[in-house]
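Thanks for coming. I will take one structure this morning and go through it piece by piece.

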Amino acid sequence: MTVRDEAGAASGALDELRRPVRGRITVAAGLQALATVLAVTPTVALVEIARRLLRDEGEPVWPLAWTAVGLLVARFALYASASLLAHLADADLAHLLRRRLTEHLSVLPLAWFAGGVSGRVRTIVQDDVADLHHAVAHARGDLASAIAGPVVVVGYLAWVSWPLALVTVALVAVAQTIRMRLAVRATEQRARIAAANTELTAAVLETVRGISVVKAFGGDRGGAPRFAAAAADYVDADEQAQQIFLRPRGVARATVAPATVVFVVTALGTAMVAAGWSEPVDLVAFALLGVGLFEQITPIYLAQELRETAQGAAERIGALLDEPASPAVEPARARPVGAPLTMELDDVRFGYDVRAAVAAAAAAVAAAAVVADADAAAQADAGGGSGGREVLRGISATLAPGTVTALVGPSGAGKSTLAMLLARFADPTGGAIRLGGVDLREIDRDELYRRVGFLLQDAVLLRRSIRANIALAVPTAGDEAVRAAARAAAIDERILALPRGYDTVVGEDAQLSGGEAQRIAIARTLLAGTPIVILDEATAFADPDSEAAIQDALAELAVGRTLLVIAHRLYTITEADQILVLDDGRLVERGRHDDLLAAGGRYARLWHAQNGEATVEAVPPGTVAPAGGPR
Amino acid sequence: MTGGLRGLVPAGQHRALGRYLVAVVVYAVSEGVAFGVLVPLLIDLIDGRTGRAGWWLVPLTAAAAVGWVAHYYLGSRALRLSTAWRRDLYTRIGEQLVRLPLGWFDGPRAGEVPQLVVGDAARVAGSVFLAQALLGALLTPVTIAVFLLAYDWRLGLAALVAAPVVVAALVLGGRLSARTEAAQHAATAQAGGRLVEFACAQPTLRATGNTAAGRAALDEALTAQHRAARREVVGSLPGEYLGELGLQLAFTALLLSGLALATDDALRPARMIALVVLGISLLRPLDAVVGLTGDLRGCQASARRIDDLLTVPPLPEPTAAPASTAARAEGAAARATGASLAEDQATGAHGGPPGEAGIELVDVRFAYPGGPEVLGGLTLSIPAGRTTALVGTSGAGKTTVTKLIARFHDVDAGAVRVGGVDVRDLPSAELLGRVALVFQDVYLFDATVEDNIRFGNPDATPDQVRDAARRARVDTIVDRLPDGWASPVGEGGRLLSGGERQRVAIARALCKDAPIVLLDEATASLDTENEAAVYAALAELAADRTVLIIAHRLDTIVRADQIAVLDGGRVLECGPHADLLARDGRYAAFWRERERARGWRLRHDDAPTGQPAPEPAG
């Protein structure tokens with residue numbers, strides 16, 4: 001039952017996606033069915049010509065012959081136009097779906113992208129959409145043909161000689177019954193083969209990626225052990241499945257083999273002619289049409305796998321389209337941002353069990369946080385299970401224009417989550433963040449990002465010229481403005497040293513190091529001129545080899561801007577205007593470095609711990625407590 | 001016609017395959033004979049000689065019976081042959097994978113291996129079944145054609161007249177569709193690239209505050225893809241339908257010429273009808289030929305890909321391992337005192353006393369195939385049991401040095417010696433047994449933490465695994481994971497942070513207990529706790545071992561026994577930190593720049609001078 005329900009749901013998703021071209025593919029299917037019927041008519045004409053010739057009563061035969069030729073031409077035209085119509089509909093639908101999917105991507109909450117989704121996006125938008133091909137361009141037409149063709153053939157044969165038609169249909173029915181029963185058993189076997197296939201793929205990946213270890217240990221053990229075992233299992237599973245089908249499939253094929261059909265029909269037909277129940281010419285009809293009958297219903301069986309692939313693809317496409325979008329502000333309700341550009345955090349909370357939509361965004365934020373602090377993600381995971389864990393529990397703070405605010409705290413304190421909320425990767429589940437007195441949720445997205453810039457992840461450069469990369473937010477910027485930004489970000493010289501300078505296409509003409517990419521991203525932010533910048537020190541210093549150059553760029557960025565920085569190395573933020581100390585989702589201290597140090601609280605402990613543990617010598621191996629045992 | 005397929009047939013299967021193909025031919029011919037016999041039968045029947053017609057049923061029965069036997073026999077034969085073929089291919093691919101040079105796995109082809117194994121091997125072995133279908137679709141019509149020509153050459157020619165038209169149409173259509181197909185593939189690849197960029201760059205694109213602008217490149221690529229797809233639909237029409245048209249021409253020619261002959265009294269109606277039936281039977285199987293030849297081309301492409309893999313020359317292995325056996329025995333004895341893990345190594349493949357673990361690179365020259373020279377006469381001595389740090393700008397050849405020591409590739413000139421023996425004279429299992437690799441792109445499997453550590457040494461006892469984990473500070477990671485030691489780490493170790501992945505990799509190396517460690521320090525910034533844990537793990541690893549580390553962090557560099565500064569594929573300076581500073585050369589300049597970075601403070605009113613601020617207290 002559940003299997004059937006699932007199948008129903010899957011075909012529902014498919015129907016939903018096919019809707020825009022439903023009319024065209026239905027017409028195409030009708031044309032194809034008509035073409036299949038017409039394909040039978042020349043043979044019928046031939047039999048009737050034979051009948052007239054043998055009666056020898058001078059009945060005209062040429063008109064029949066020309067009619068047959070005409071029908072053939074018509075059939076060809078119908079068939080080709082049905083195919084053209086269906087395939088063009090498929091190409092148009094693919095384009096339409098890709099547009100819809102990419103448009104939806106551009107309204108998903110940014111948190112959705114944080115966990116690294118390129119593989120998934122590519123699979124769905126390109127491969128899954130392509131996998132709909134059979135369902136769109138072929139399935140309906142093939143089905144219509146497989147019904148219309150046999151109906152016409154069997155009808156005609158029954159009219160010619162019903163006993164022979166009965167025998168022919170019986171042969172086809174035997175083979176068809178076997179085939180249908182095999183299809184059921186094949187489904188059972190497929191799960192096992194798929195499992196063996198998955199294991200083999202994993203084993204190959206392990207062998208390829210871990211080849212140095214495999215070579216070190218497998219040299220005297222005959223190849224890669226896991227690969228060998230997985231390959232053997234895969235072949236075994238496949239062979240055993242085939243073994244089951246071997247005999248029934250052989251019987252089915254032998255039953256409808258052309259030689260068998262010809263033999264049965266002629267043997268029986270000869271007997272009937274001898275008995276005077278049938279005319280010899282009747283046999284011609286059966287020799288021509290009976291032989292191909294089974295093949296006419298074959299296409300829909302061959303397509304089983306393609307159909308399942310298309311259904312799986314449709315479900316994944318549907319699921320992506322159903323991902324809740326980041327709530328957009330209706331233009332009418334959008335409010336202009338006031339001045340001054342103060343950012344206010346008012347009792348900001350972020351948790352995991354409020355609504356399903358929010359939970360999805362929260363999970364994505366957690367995934368993103370893996371990069372920065374894995375502990376937060378782990379706690380989020382654990383919290384998700386028990387239901388209702390708040391990562392941020394009421395944070396209130398003010399970021400005054402032109403000040404530097406540092407966010408510090410141990411891993412898992414909620415630093416990354418808070419920064420992402422300020423950049424609106426997700427929305428708070430409680431409280432509010434206001435910019436210039438207006439809630440972020442009421443500011444038009446583009447308006448918001450013209451005021452708030454962020455450098456929270458590794459720099460992303462687009463496959464276009466370096467000039468275009470820097471001027472991404474200000475496409476009209478002149479060369480001088482672009483170069484000024486690059487100079488300020490300490491990357492101008494490096495760009496000029498490239499063979500094509502600012503026209504260098506990133507990824508095609510030159511590969512840039514992480515530090516260089518980061519400085520181009522900083523130049524981009526400088527040129528964009530957002531008055532507020534949110535920054536993660538960890539991603540800014542992703543490349544220790546160009547640390548000093550990046551620091552020069554950041555210093556430039558700090559001039560006259562409101563800066564929020566997630567700080568990991570406390571000594572870099574000793575001059576900050578305000579330090580916010582987070583612990584377990586709460587704001588436990590705030591103030592300037594000297595005051596916090598003097599207060600001797602959480603910040604002071606962090607400071608001393610970090611400056612005491614900065615070198616390895618301070619942690620002799622013996623001092624680490626033994627591991628807690630296995631659970 | 002068999003393309004690269006014949007070359008991949010397993011040794012010893014050629015005769016069995018030959019017998020099978022003969023059986024397939026017999027079956028295909030018998031199908032044709034059944035139709036051939038139908039002609040005299042129909043003629044006798046129409047002419048009223050029912051008794052004689054009955055006799056023709058005898059050969060017809062025989063032909064049908066041959067077909068039944070063949071169906072039964074061929075099915076099991078084909079399955080046995082193709083299964084044996086697949087097993088053989090997997091064995092050969094598996095053996096070849098461990099023989100390939102490690103450097104091959106850095107190349108672009110390594111990514112194709114899963115597809116090669118799962119898709120291509122099955123397709124090549126499946127050609128056994130394909131042969132049955134294809135030979136049937138070709139030889140049955142040929143047999144019928146022989147009968148038809150023998151019965152009446154005029155109708156025979158009429159049936160065959162379309163053949164050249166069909167062939168020409170297929171060739172032309174094939175070329176046309178190949179062109180539009182290639183254009184469509186290119187457009188799809190282009191759109192795919194833009195799509196991934198669009199997804200990865202979402203935060204960046206939205207940060208521009210100009211949503212529409214970010215879509216332009218993607219929309220253009222999608223539109224181009226759509227245009228190419230429509231062109232392909234039209235372009236593939238001739239290839240798909242000209243063959244069909246040819247068959248219909250043949251049908252028309254048969255019908256009209258048969259009728260013409262009959263109305264001219266050149267052919268008796270009974271005979272004409274029987275022969276037209278035969279002619280149509282000739283055409284029917286040809287419908288499938290187009291599709292089947294396409295499948296055959298797919299099989300051949302698969303065979304070529306597999307053959308390409310199987311014919312990659314392995315790095316030459318020494319025929320005998322001269323000094324190594326003695327060294328191994330000696331090494332096991334020497335290490336027994338110092339190492340707790342190495343005592344019960346069953347294979348002994350990773351033995352070697354510290355003295356055996358010195359590394360020499362002598363005047364090494366190396367270029368990647370088709371690339372510029374990376375190392376141009378590099379000489380470096382890495383003393384046993386000490387830590388050597390490699391420092392230099394990206395592209396200086398640091399990674400290449402480590403890869404040549406592990407013999408990912410062979411040097412173009414000069415020599416790499418481990419324990420005094422040229423790596424080319426060491427069996428690869430022995431060399432890799434002595435060396436542990438802790439690279440940045442170290443691969444963690446989607447298995448438990450414990451399995452990932454054990455992967456370094458499958459023979460390790462649970463205690464040894466736990467011990468290695470504790471020493472690499474992996475136990476603190478395990479404490480926070482929901483299922484402890486049994487927690488999976490996700491594909492590629494996704495569920496762990498960068499620092500944690502590196503700790504697991506170090507635990508793996510500790511568990512392997514190799515005397516030589518080649519390590520690429522993570523460039524990604526670590527949080528404070530992780531940084532301390534990684535340092536502690538590194539300190540464990542460095543004790544008693546030869547460590548060559550591509551170093552990025554000042555602490556790591558300063559603590560090395562020896563620092564080698566690489567530039568342009570040569571060693572520019574080499575010595576301990578203090579000596580190099582005193583020399584006031586490249587290293588000293590590098591050091592000053594990094595020191596300046598260390599004293600940096602973030603200040604909003606700061607001019608970008610970056611003058612060193614006072615050292616933090618503490």
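This is a predicted model: local features need pLDDT of at least 70, side-chain atom pairs count only at pLDDT 80 or more; totals for chains, interfaces and linings use all residues.

In chain A, strand S7 (residues 532–536) pairs with strand S8 (residues 562–566) in the parallel sense, over five bridges. Within that pair, A:Ile534 stands opposite A:Leu564 in S8(A).

In chain A, six strands form an open sheet with mixed pairing, in the order S6-S7-S8-S3-S9-S10. Which strands stand at its edges? They are S6 (452–455) and S10 (586–591) of chain A; each has a single partner strand, so one side of each is left without a neighbour in the sheet. On average, neighbouring strands of this sheet are turned by 20 degrees against each other, direction ignored. Helix H21 of chain A, residues 514–528, packs on the sheet and touches S6 and S7 of chain A. The direction of H21 makes about 175 degrees with that of S6(A).

Now chain B. Here too there is an open sheet of six strands, with the order S6-S7-S8-S3-S9-S10 and mixed pairing. Its edge strands are S6 (435–438) and S10 (570–575) of chain B, and each pairs on one side only. From one strand to the next, the twist averages 20 degrees. Inside the sheet, S3 (residues 387–391) and S9 (residues 562–567) of chain B pair in the parallel sense over four bridges, and B:Thr388 stands opposite B:Gln562 in S9(B). Helix H17 of chain B, residues 498–512, lies across S6 and S7 (516–520) of chain B, and runs at about 175 degrees to S6(B).

Staying with chain B, the unreviewed UniProt entry annotates "transmembrane region" at residues 20–43, 55–74, 129–150, 157–176 and 245–262. In the model, residues 20–43 of chain B are 100% helix, and their end C-alpha atoms lie 36 Å apart. Residues 55–74 of chain B are also 100% helix, with end C-alpha atoms 29 Å apart.

How do the chains meet? In total, 150 residues of chain A are in contact with 142 residues of chain B. On the chain A side, helix H3 (residues 62–105) gives the largest share, 16 residues. By class, that side has 88 nonpolar, 37 polar and 25 charged residues.

Last, the core. The largest nonpolar core has 364 residues, and those touching the most other members are A:Leu407, A:Val565, B:Ala34, B:Leu38, B:Val277 and B:Leu278. Leaving aside neighbours within four places in sequence, B:Leu278 is in contact with B:Phe35, B:Leu38, B:Val39, B:Ile144, B:Phe147 and B:Leu148.

Definitions and conventions: Residues are numbered from 1 along each chain as its sequence is written. Chains are lettered from A and ligands numbered from 1 in the order in which they are written. A nonpolar core is a set of buried Ala, Val, Leu, Ile, Met, Phe, Trp, Tyr and Cys residues joined through C-beta atoms within 7 Å. A residue is buried if 20 or more other C-beta atoms lie within 10 Å of its own, exposed if 12 or fewer, and partly exposed in between; C-beta atoms are placed from the backbone. Two residues are in contact if their C-beta atoms, placed from the backbone, lie within 7 Å. Helices (H or I, at least four residues) and strands (E, at least two) are DSSP runs, numbered from the N terminus. Ala, Val, Leu, Ile, Met, Phe, Trp, Tyr, Cys and Pro count as nonpolar, Asp, Glu, Lys and Arg as charged, and the others, Gly among them, as polar. Two strands pair if DSSP finds at least two bridges between them. Axes are lines fitted to C-alpha atoms, for helices over the stretch in contact, and angles run from 0 to 180 degrees between N-to-C directions. UniProt positions are given in the numbering used here, feature names are shortened, and annotations may be inferred rather than shown by experiment.
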